[in-house]
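Subject: Structure for your review

Dear colleague,

Please find below the sequence and structure that I am handing over to you. A short account of what was found follows.

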Amino acid sequence: MKFSSLPYATEGWEIVAQETHFANEHLAVVSEDVRTPNRPEVRKWTVVQRKAAVGIAALTPAGELLLIRQERIPIQAAIWEVPAGQIDEPDTKGLPAIEAVARRELREEAGYEVGPDGKWEPVGYFFSSPGLTDEHSYFFLARGVVPVAGGSAPDEAETILECRAFALPEVGRMIARNEIMDANTLSICAKLSALGMIDFHG
């Protein structure tokens, strides 16, 4: 059982045996006997298989970054994050289908969309915890976002408390003060900063 494909081709990996211990519509816990390209002996590993996801760095026309504050049950806290969400259909359909999911999540979670002078840009992907799970998230930069009529419409399972636009230097300070602790948000901010696409120092 696989929820998504890996975003790059790999060779020399062989799954010799596999046993599913638990599965629902969101994840599966699987034991795998694996041969890797560099170790011919079989290794046993427990893997949490999850759907792929998207994360969106949404910038307003004024250059501010949209963040949502969402309750997260596993850590018993409400934290600031970029809008994000799972890809329900297999991510093998390619970038346009993945971008469509990102556009939907931005509307649903934040109540924004890219305006007529705005632009979508794919900016890679990351693995959330590669020693444990195959979960990965595709990143997008959305420039020139504007509010949609009717506002946000989050999923009934989500508790999004607010959405605010922050100046980029303030986002940098929030990261430094550990007020932003979500891996999606930290990763996309690091990626965009490394690419020179945004500047958190003002």
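Does Q76 count as buried or exposed? At 75% relative accessibility, Q76 counts as exposed, where exposed means over 50% relative accessible area, buried under 20%, and partly exposed in between (1.4 Å probe, protein chains only).

Two remarks on the basis of this account come first. The model is predicted, so local features need pLDDT of at least 70 and side-chain atom pairs count only at pLDDT 80 or more, while totals for chains, interfaces and linings use all residues. Residues are numbered from 1 along each chain as its sequence is written, and side-chain values use heavy atoms, with hydrogens and water left out.

Residues with positive phi

Q76 lies in the loop between β5 and β6; helices (H or I, at least four residues) and strands (E, at least two) are DSSP runs, numbered from the N terminus. Although Q76 is not a glycine, its phi is positive, at about 55°. N178, in the loop between α2 and α3, is another residue other than glycine with a positive phi, near 65°. N178 is exposed, with a relative accessible area of 51%.

Strands are taken to pair if DSSP finds at least two bridges between them. β4 and β9 run parallel and are joined by seven bridges; A58 stands opposite A142 in β9, and L59 stands opposite R143. β4 is also joined to strand β7 (residues 84-86), by three bridges in the antiparallel sense, with Q86 as the bridge partner of A53.

Strand β9 (residues 136-147) is mostly covered, as nine of its 12 residues are buried. Strand β8 (residues 112-127) pairs with β9 in the antiparallel sense over 10 bridges. R143 in β9 is the bridge partner of K119.

The loops beside these strands

T60 is found in the loop between β4 and β5 and, at 11% relative accessibility, counts as buried. Leaving aside neighbours within four places in sequence, T60 is in contact (heavy atoms within 4.5 Å) with L66, G144, V145 and A165.

L132 lies in the loop between β8 and β9 and is partly exposed, with a relative accessible area of 45%. Not counting residues up to four places away in sequence, L132 touches T46, V47 and V48. The C-alpha atoms of L132 and F200 are separated by 31 Å.

Helix α2

Which residues of helix α2 (residues 168-176) are buried? They are L168, V171, G172 and M174. Seen down the axis of α2, these buried residues fall within an arc of 160°, so they line one face of the helix; the arc is that of the directions from the helix axis to the C-beta atoms. Their cover includes β4 (53-59), β5 (65-72), β6 (77-81), β10 (160-166) and α3 (183-194).

Salt bridges

How many salt bridges are there? The count comes to 14, a salt bridge being a side-chain nitrogen of Lys or Arg within 4 Å of a carboxyl oxygen of Asp or Glu. One of them joins the side chains of R35 and E14 (3.3 Å, N to O). This pair links distant parts of the chain, with R35 in strand β2 (residues 27-36) and E14 in strand β1, 21 residues apart. R35 is partly exposed, with a relative accessible area of 31%, and E14 is partly exposed as well, at 39%.

E162 forms a salt bridge with R69, the closest N and O atoms being 3.0 Å apart. Here too the pair links distant parts of the chain: E162 is in strand β10 and R69 in strand β5, 93 residues apart.

The side chains of E108 and R104 meet in a further salt bridge (3.8 Å, N to O). Both residues lie in helix α1 (residues 95-110), four residues apart, about one turn of the helix. Salt bridges that share partners join E170, R173, R177 and E179 into one network.

Yours sincerely
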